[in-house]
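Thanks, everyone, for making the time this morning. I would like to walk through one model with you, going from strand to strand and then out to a few individual residues.

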Amino acid sequence: MQFDRIENVVNIPTIQLKEVTIVGAGGSAPLIENLTRSGVQHWKLVDPDIIENVNISRQGHAPDDIGMSKVEAVANKIRAINPETTIECFPIDFTMLCDDEIRESFGDTDLFILATDSFAAQSRGNEVALLLNTSAIWIGLYAGGLGGEVVFWHPELDCCFRCLCSGRYKAQSKANEEGRSLDPPSDGATIFDIQLLDSIAGHLCLGLLTRGNDNRFGKLIDQLGNRQFIQVGISPGFRINGNDVIRKHLGVDENCQSCFAWNSIALSDPAQGNDYCPDCEKYRGTLFPSLSHGVGSMRVRTDQTQSQ
């Protein structure tokens, strides 16, 4: 492949050495293809699903792919772009793998991408990222495609996905006790909604994979700092609990007519990761000294690498 037109912003030799594991090979198929076009050469694809007719309108798969496993179909698309890629396919449920199996199959991963509408998979992805001390990105489209989020973590950051989304964990736990699911339905979410989020996620992927290089993407992650939670308003009707959070955080007056849609905000955790997090405690050895589980306290790393 020729990378002449992008090598000034993407360090190709660096990214070609990195291994990317993506969980979810449905709506993320175009993201995987575009990261391949951007230099990613080593892939591990995880998804237990088979392509159905209903997937064609919104997941980047073709009618000829119907009946094929999503991971094999995506592997074919990758090879069509760059025959020199190495690909391992895992048509399995990621959440069923124990820690030892994770280490054996994905221990060499440089970046995890969690691209599913399953909270169980997204939350397991956080455990895996912390277990392996490996950077990760979570992509989530909200119900109806009105908005969405992209969350990222790397080992130098205090806040993990669970720290940032602690309220969601509590809501999911309550729903599970009541026999309900809070996973958003895919109805109303078009391929354009998915790809808008994936474009932002793609930037972050390139940033994490080439972090430290002296170019636009190499500087991106450090420019964001601890602003790990990217929230995107896709529809002008996007609201959270009735609030126009995009306009609020950007400080845009409600009478400003030029603020319409397709805007994003980059947020940090207001607690700076100091609220009790079972995942940080288990996988990072984080201590919460004044802890009464569920009550905020100053975190301390047992390895003494960082404290607040």
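Predicted model: local features only at pLDDT ≥ 70, side-chain atom pairs only at ≥ 80, totals over all residues.

Let me begin with strand 1, helix 2 (residues 29-37) and strand 2, which together make a right-handed β-α-β unit; right-handed here means that, with the strands pointing away from the viewer, the path from the first strand over the helix to the second runs clockwise. From strand 2 the chain goes on through helix 3 (residues 70-81) to strand 3, and this β-α-β crossover is right-handed. Helices and strands are DSSP runs numbered from the N terminus, with at least four residues of H or I for a helix and at least two of E for a strand.

Residues are numbered from 1 along each chain as its sequence is written, and side-chain values use heavy atoms, with hydrogens and water left out.

Strand 2 (residues 42-46) runs parallel to strand 1 (residues 19-23), to which five bridges join it, and threonine 21 stands opposite lysine 44. On pairing, two strands count as paired if DSSP finds at least two bridges between them. Strand 2 is also joined by five bridges to strand 3 (residues 86-90), again in parallel, and there leucine 45 has cysteine 89 as its bridge partner. Four of the five residues of strand 2 are buried, where buried means under 20% relative accessible area, computed with a 1.4 Å probe on protein chains only.

How many residues of strand 5 (residues 135-141) are buried? Seven of the seven are, so strand 5 is largely enclosed by the rest of the structure. Ser135, Ile137, Ile139 and Leu141 point one way, Ala136, Trp138 and Gly140 point the other way, and all are buried. Strand 4 (residues 111-114) pairs with strand 5 in the parallel sense over four bridges, with isoleucine 113 opposite isoleucine 137, and strand 4, helix 5 and strand 5 make a right-handed β-α-β unit. Strand 6, by contrast, runs antiparallel to strand 5 and is joined to it by six bridges; the two form a hairpin with five residues between them, and glycine 144 in the turn has a positive phi of about 75 degrees.

Next comes helix 9 (residues 216-224), whose buried residues are Phe217, Gly218, Leu220, Ile221 and Leu224. Seen down the axis of helix 9, these fall within an arc of 150 degrees, so they line one face of the helix, the arc being that of the directions from the helix axis to the C-beta atoms. They pack against strand 6 (147-153), helix 8 (191-209), strand 7 (229-233) and strand 8 (263-267).

Finally, cysteine 277 lies in the loop between strand 8 and helix 11 (278-284), and is buried, with a relative accessible area of 2%. Its C-alpha atom is separated by 9.2 Å from that of cysteine 159, 118 residues apart along the chain.

Key: Buried < 20%, exposed > 50% of the residue type's maximum accessible area, 1.4 Å probe, protein only. Contact = heavy atoms within 4.5 Å.
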